[in-house]
Amino acid sequence: MIWGVLQFPGSCDERDALHACEVVGGEARLIWHEDRDLGGVDGVVVPGGFSFGDYLRAGAIARFSPAMEAVAEHAAAGGPVLGICNGFQVLCEAGLLPGALLRNEELRFICKQADLVALPQHPAVDGPETGHIGRFSAHRPEGADGGRTLSIPLKHGEGRYYAPDDLLDALEAKGQVAYRYAEGHNVNGSVRDIAGVRSERGNVVGLMPHPEHAVDPLTGSTDGRQVFEALERYA
Amino acid sequence: MAKARVLIRPKEGILDPQGKAVERALPALGFEGIGHVRVGRMVELEAEDAERLGELCEKLLANPLIEDYEIQPL
């Protein structure tokens with residue numbers, strides 16, 4: 001699988017994202033934000049950082065980059081897209097994912113390891129072994145809802161997921177909540193402990209924590225690999 | 001060119017931690033009896049076509065899911 005990792009002015013996690021794609025056996029290349037053509041990649045990562053200095057709102061300006069037009073077309077054609085942290089904010093601003101990310105409840109930038117529960121696409125219908133993110137071969141199976149717990153670092157100042165109640169109800173009903181913070185790990189005040197969501201179709205996924213920083217035993221957890229592997233299986 | 005000011009504020013009902021932080025600091029400075037502080041953003045601009053300002057706000061200056069905006073001609 002060939003991955004394209006977008007790079008905006010102010011991106012800072014694109015190198016780790018490239019590395020993570022390679023760790024799970026893919027090939028990966030950078031795509032500059034001014035490129036209107038993704039060059040035939042199979043999957044796209046919109047990485048973390050502070051695109052365009054986070055001016056106005058995080059992700060608000062990056063969404064107008066030519067490469068984002070190409071990403072929207074790729075997503076519309078069913079191609080997998082993973083947005084991490086600032087990339088998640090960009091995808092929300094671009095309307096490719098529902099909701100918005102607000103300033104952390106306590107106003108502080110938070111950097112720590114957190115437990116996430118990765119939820120299958122349609123828990124009621126598919127069960128944990130099918131669907132997109134649910135196809136994990138996790139070593140730490142979780143309980144009742146069919147989710148799996150992953151230990152992944154997070155680092156952000158604007159990670160408080162928000163959507164109005166009616167939208168949240170709809171997202172939950174359609175299995176679009178992809179990741180929740182495990183109990184006691186919702187550090188930013190996100191509604192309903194939501195750490196990441198997916199598009200209705202399931203091919204676009206965004207989350208605030210950083211799976212690309214959790215792929216090497218040297219840095220602790222390697223649970224982040226599963227996020228990339230799940231997307232690779234989707235492609 | 002038409003001058004305008006756009007005021008952007010968090011939607012009613014959305015937790016605004018900045019406003020809360022300001023509010024909490026006030027009593028220590030001797031300002032009593034101030035509540036419901038909301039912190040937003042103000043953008044001043046000059047537009048050739050003031051008709052399109054609403055669209056501009058919807059698409060870029062504000063995120064309609066979380067923010068309200070108000071355009072004031074100057």
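**Reading the model**

Modeller: D54(A) lies in the loop between strand 3 and helix 2 (66–76) of chain A, helices (H or I, at least four residues) and strands (E, at least two) being DSSP runs numbered from the N terminus. This is a predicted model, in which local features need pLDDT of at least 70 and side-chain atom pairs count only at pLDDT 80 or more, while totals for chains, interfaces and linings use all residues. Residues are numbered from 1 along each chain as its sequence is written, and chains are lettered from A and ligands numbered from 1 in the order in which they are written.

Colleague: What is the phi of D54(A)?

Modeller: D54(A) has a positive phi of about 60 degrees, although the residue is not a glycine. L56(A), in the loop between strand 3 and helix 2 of chain A, is also not a glycine and has a positive phi near 70 degrees.

Colleague: Why does D54(A) count as partly exposed?

Modeller: A residue is buried if 20 or more other C-beta atoms lie within 10 Å of its own, exposed if 12 or fewer, and partly exposed in between, with C-beta atoms placed from the backbone. D54(A) counts as partly exposed because it has 18 C-beta neighbours inside 10 Å. L56(A) is partly exposed, with 17 other C-beta atoms within 10 Å.

Colleague: Which residues of helix 1 of chain A are buried?

Modeller: An α-helix has 3.6 residues a turn, so residues three or four places apart point the same way. In helix 1 (residues 14–23) of chain A, the buried residues are E14(A), D16(A), A17(A), L18(A), A20(A) and C21(A). They pack against strands 1 (2–7), 2 (27–32), 3 (43–46) and 4 (81–84) and helix 6 (224–234) of chain A. After helix 1 comes G25(A), with a positive phi near 100 degrees.

Colleague: Which residues have the most contacts inside the largest nonpolar core?

Modeller: In soluble globular proteins, nonpolar side chains tend to be buried together. A nonpolar core is a set of buried Ala, Val, Leu, Ile, Met, Phe, Trp, Tyr and Cys residues joined through C-beta atoms within 7 Å. The largest here has 72 residues, and those with the most contacts inside it are C21(A), V45(A), L91(A) and L116(A). Leaving aside neighbours within four places in sequence, C21(A) is in contact (C-beta atoms, placed from the backbone, within 7 Å) with W3(A), G26(A), A28(A), V45(A) and F228(A).

Colleague: Is V81(A) buried or exposed?

Modeller: V81(A), in strand 4 of chain A, is buried, with 25 other C-beta atoms within 10 Å.

How values were computed. Two residues are in contact if their C-beta atoms, placed from the backbone, lie within 7 Å.
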